[in-house]
Amino acid sequence: MRKRIVAGNWKMNTNIEQAVKLALDIKAQYKGSEVDVVLCPPFTNLYAVHRVIQDTTIKLGAQDLYWKDGGAYTGQISAGMLTSVGCQFVIIGHSERRQFFGETDESVNKKIKKALDYHLTPIVCVGEWLEQREANETETVVARQIRGALAGLDADDVAKLVIAYEPVWAIGTGKVATPAQAQDVHRFIRTLLAEMSGEATADGIRIQYGGSMKPDNAAELLAQPDIDGGLIGGASLKADSFLGIVNA
Ligand code: PEP
């Protein structure tokens, strides 16, 4: 049985006071659950949020990292920096990084390897654009992203990943994939992982859905057999809506 995982991607939202308040609100309202709960604030707020949640089971994640250990890479953040402020997870390959910051399957692959070296759990994002779905290219696109992201990883490493299927047309748009649409792609991803890394690895890996997930649509999505949690953007910025999804 796969343990569910719900992660909040705060994106470029919250200053330090807002981040601490949001983390405190979530901590106050969180009653514990069978689900892994992960908060991913901006880099500048990681340590402050770590201090708020360190005595709880809520975990900390970052929204990106760089694949070098350190050195002359102005503006970048390394895996070691993330673990030093309490991170256990890191989002890699979010569609906004692919769209606006030149992220490629190759850079995603390097980041995953570096995260694993530091025992960070990568949350690897994949997903198609609307035009690609309309052209029946969803599976081709997602397969290319998964194969690129996981190149050179053995089954033991693949087993450590979380995959987030996020159709780009559903992110921040209010247009959620239907449970059947999401389930189809999740099943496709699991079948592909079985081909690449074996049945046992594919059965154990957690695949989150992301894209306008809200408390009122979460239960139906999470009831699908291959949907093991959610990566939440907008709805993670309020304690009640984020925990509404966790409790769904
Ligand atoms: C996301 O960006 O990962 C996301 C799922 O955003 P939203 O929930 O706002 O669609």
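## Buried residues

Buried means a relative accessible area under 20%, exposed means over 50%, and partly exposed is what falls in between, using a 1.4 Å probe and protein chains only. G210 counts as buried because its relative accessibility is 0%. You will find G210 in strand β7, residues 206-210; helices (H or I, at least four residues) and strands (E, at least two) are DSSP runs, numbered from the N terminus. From C-alpha to C-alpha, G210 and V37 are 15 Å apart in space and 173 residues apart in sequence.

Before we go on, a word on the model: it is predicted, so local features need pLDDT of at least 70 and side-chain atom pairs count only at pLDDT 80 or more, while totals for chains, interfaces and linings use all residues. Residues are numbered from 1 along each chain as its sequence is written, and side-chain values use heavy atoms, with hydrogens and water left out.

## Around the ligand

Which residues are the closest to the ligand? They are K11, H94, E166, G172 and S212, out of 14 residues that surround the ligand; a residue is near a molecule if one of its heavy atoms lies within 4 Å of it. By class, this shell holds four nonpolar, eight polar and two charged residues. Here Ala, Val, Leu, Ile, Met, Phe, Trp, Tyr, Cys and Pro count as nonpolar, Asp, Glu, Lys and Arg as charged, and the others, Gly among them, as polar.

Now for the atoms themselves. A polar side-chain atom of K11 sits 2.5 Å from an oxygen atom of the ligand. Polar backbone atoms take part too: one of G172 is 2.6 Å from a ligand oxygen, and one of G234 is 2.8 Å from a ligand oxygen. The ligand taken alone exposes 290 Å², and the protein buries 97% of that; accessible areas come from the Shrake-Rupley method with a 1.4 Å probe, and for residues only the protein chains shown count as cover.

## The loop that holds K11

K11 belongs to the loop between β1 (5-9) and α1 (16-29), and T14 is found in the loop between β1 and α1 as well. Most residues other than glycine have a negative phi. K11, although not a glycine, has a positive phi of about 55°. T14 is not a glycine either, and its phi is positive at about 85°.

## The largest pocket

The largest pocket has a volume of about 580 Å³. Pockets are found on a 1 Å grid over the protein atoms alone: a pocket is an open set of points with protein on both sides within 12 Å along at least five of seven lines, whereas a cavity is a set of points where a 1.4 Å probe fits but cannot get out, and lining residues have an atom within 4 Å of a point. Grid points are joined across faces, edges and corners, and a volume is the space filled by probe spheres set on the points.

Its lining has 24 residues, and F43, Q63, D64, R97 and F101 lie nearest the centre of the pocket. They divide into 11 nonpolar, seven polar and six charged residues. Helices α4 (95-100) and α5 (105-117) each supply at least two lining residues, and α4 gives the most, with three.

## The second largest pocket

About 180 Å³ of space lies in the second largest pocket. Of the 16 residues that line this pocket, R98, G127, W129, V141 and Q145 lie nearest its centre. The lining divides into five nonpolar, seven polar and four charged residues. Which elements each supply at least two residues of this lining? These are α4, β5 (121-126) and α7 (138-149).

Helix α5 contains both N109 and I112. N109 counts as buried because its relative accessibility is 10%. The side chain of N109 makes a polar contact with the side chain of K113 at 3.1 Å; such a contact is a pair of N or O atoms within 3.5 Å, and within protein one must be able to donate a hydrogen and the other to accept it, with residues adjacent in sequence counting only if both atoms are side-chain atoms. I112 is buried too, at 0% relative accessibility. I112 and A149 are 37 residues apart in sequence, yet 7.5 Å apart in space, C-alpha to C-alpha.

S78 lies in the loop between β3 (59-62) and α3 (79-84). Is S78 buried or exposed? S78 is buried, because its relative accessible area is 6%. Between S78 and K114 there are 8.8 Å in space, C-alpha to C-alpha, and the two are 36 residues apart in sequence.
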